[in-house]
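Please show the sequence together with the predicted model. The questions below go through a few of its local features.

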Amino acid sequence: MKKFLLFLALLLALPVCAYADAELTVDAPSAILMEKQTGEVIFEKNAYEHLSPASVTKVMTMLLVVEAVERGDIALDDTVTASERAASMGGSQIWLEAGESMTVAEMLKCVTVVSANDCCVALAEHLCGSEEAFVARMNERAEELGMADTHFACCSGLLESDEHYSCARDIAVMSRELISHDMIKEYTTIWMDTIRGGEFTLSNTNKLIYHYSGATGLKTGYTSKAGFCLAATAERDGVEYIAVVLNDETSAKRFADASAMLNYAFANYTLCSVSGAEAIPPVAVTLGRADSVQPVAAGDGLVVVRRSDAAGLEYSLALPESVEAPVAAGQTLGTLSLILNGQTLRSVELVAASEVQKLTLWDVWLGIFRALVGNG
């Protein structure tokens, strides 16, 4: 066993360059690799197949809790008291007793780090009054995110039912939404911690947090029906990727598959900003109180490209020679496009950074007077 664990650790620590320009293969029956900021899919395999997500379900539970905290509906230091039903949950748990109280922060930590089903239900009841009401909100949020191939029947993923399903693509979507909230990484990056005054130890079920450079989360899952599942996230140099694998045969394989996908992304792709491409010249303004207006990009215009294609990128600037006043701040002036092999990858609007008012008759006469005085 020690030799196997050493081999696994070495496998997860393989240099990223080993995956450059290599074909990506994943053993899991269903998988997807997505870049966080753009949501672009780099690799997918049966990504829309309906499968049981097991405890990866908790990504949505965590998202609803985090959103409630950020809205001010609940606070991290609020007290949550476990009901008899919450305390009766099986599977991964911290063995809450009915009537036992912890803060929202402590329970969220337990859900995130050790996939505690009892804390999951306690949080659901605290937020919505019952797990059923919470699950209804989970499905509403899934619909809002465009997760058309997902239906939740519980908040923990412990339930093995045909009414509880998702797919790799939808899990990547909700994972992307969750990691857009920085506060969750205070929990998902914990390797070991304690609760109950140090009497109960928590060890993260996501072993990539310990082994994989840049790992930021996110959630493991397992049931006999779902197999071994994982939504893994990692960030390096400001670029973050999401790797989801479902129904893998073993725990080791899910971590190896996710590591392979993340390595492939970091080795072969980079994130480019259209708006940071080049200096944008000012546009002349006719009949205006200012001679010109400065265009600025409306957004970053981020795009994922293969590193091997980066040297061939070109930028196309489309701006008029002049515009007539008045010019409103935010008015569209043109576009800036990122081009590869003659194909537009992404365009961003260029808008006026400030307003330019139209010359009045008084302005015209004043200008003539100043010119005459100056010439005199």
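**Helix packing, strands and backbone**

Q: Are α2 and α7 roughly parallel or roughly antiparallel to each other?
A: Helices (H or I, at least four residues) and strands (E, at least two) are DSSP runs, numbered from the N terminus. The axes of α2 (residues 58–71) and α7 (residues 168–179) come within 9 Å and cross at roughly 30°, where axes are lines fitted to C-alpha atoms over the stretch in contact and angles run from 0 to 180 degrees between N-to-C directions. Angles under 35 degrees count as roughly parallel, over 145 as roughly antiparallel, 65 to 115 as roughly perpendicular and the rest as oblique. The two helices are therefore roughly parallel.

Q: What kind of model is this, and how are its residues numbered?
A: This is a predicted model in which local features need pLDDT of at least 70 and side-chain atom pairs count only at pLDDT 80 or more, while totals for chains, interfaces and linings use all residues. Side-chain values use heavy atoms, with hydrogens and water left out, and residues are numbered from 1 along each chain as its sequence is written.

Q: How many nonpolar residues are in the contact of α2 with α7?
A: Contact means heavy atoms within 4.5 Å. On α2 the contact is made by V59, M60, M62, L63, V66 and E67, and on α7 by M174, S175, E177 and L178. Ala, Val, Leu, Ile, Met, Phe, Trp, Tyr, Cys and Pro count as nonpolar, Asp, Glu, Lys and Arg as charged, and the others, Gly among them, as polar. One polar and two charged residues take part, and the nonpolar ones number seven.

Q: How many residues of strand β8 are buried?
A: Buried means under 20% relative accessible area, exposed over 50% and partly exposed in between (1.4 Å probe, protein chains only). Strand β8 covers residues 227–236 and is mostly covered. Of its 10 residues, the number buried is eight.

Q: Which residue of β8 is the bridge partner of Y222?
A: Two strands pair if DSSP finds at least two bridges between them. β7 and β8 pair in the antiparallel sense over eight bridges, and a hairpin of three residues joins them. The partner of Y222 in β8 is F228.

Q: Which residue takes a positive phi in the hairpin of β8 and β9?
A: β8 and β9 (residues 239–248) run antiparallel and are joined by eight bridges, with T233 opposite I242. The hairpin has two residues between the strands, and the positive phi, near 55°, belongs to D237.

Q: Is W95 buried or exposed?
A: W95 is found in the loop between α3 (84–87) and β4 (101–103). Its phi is near 55°, a positive value in a residue other than glycine. With a relative accessible area of 56%, W95 is exposed.

Q: What is the omega of the cis peptide bond that joins G217 and L218?
A: L218 lies in strand β7 (residues 215–223). The omega of the cis bond from G217 to L218 is about 25°.
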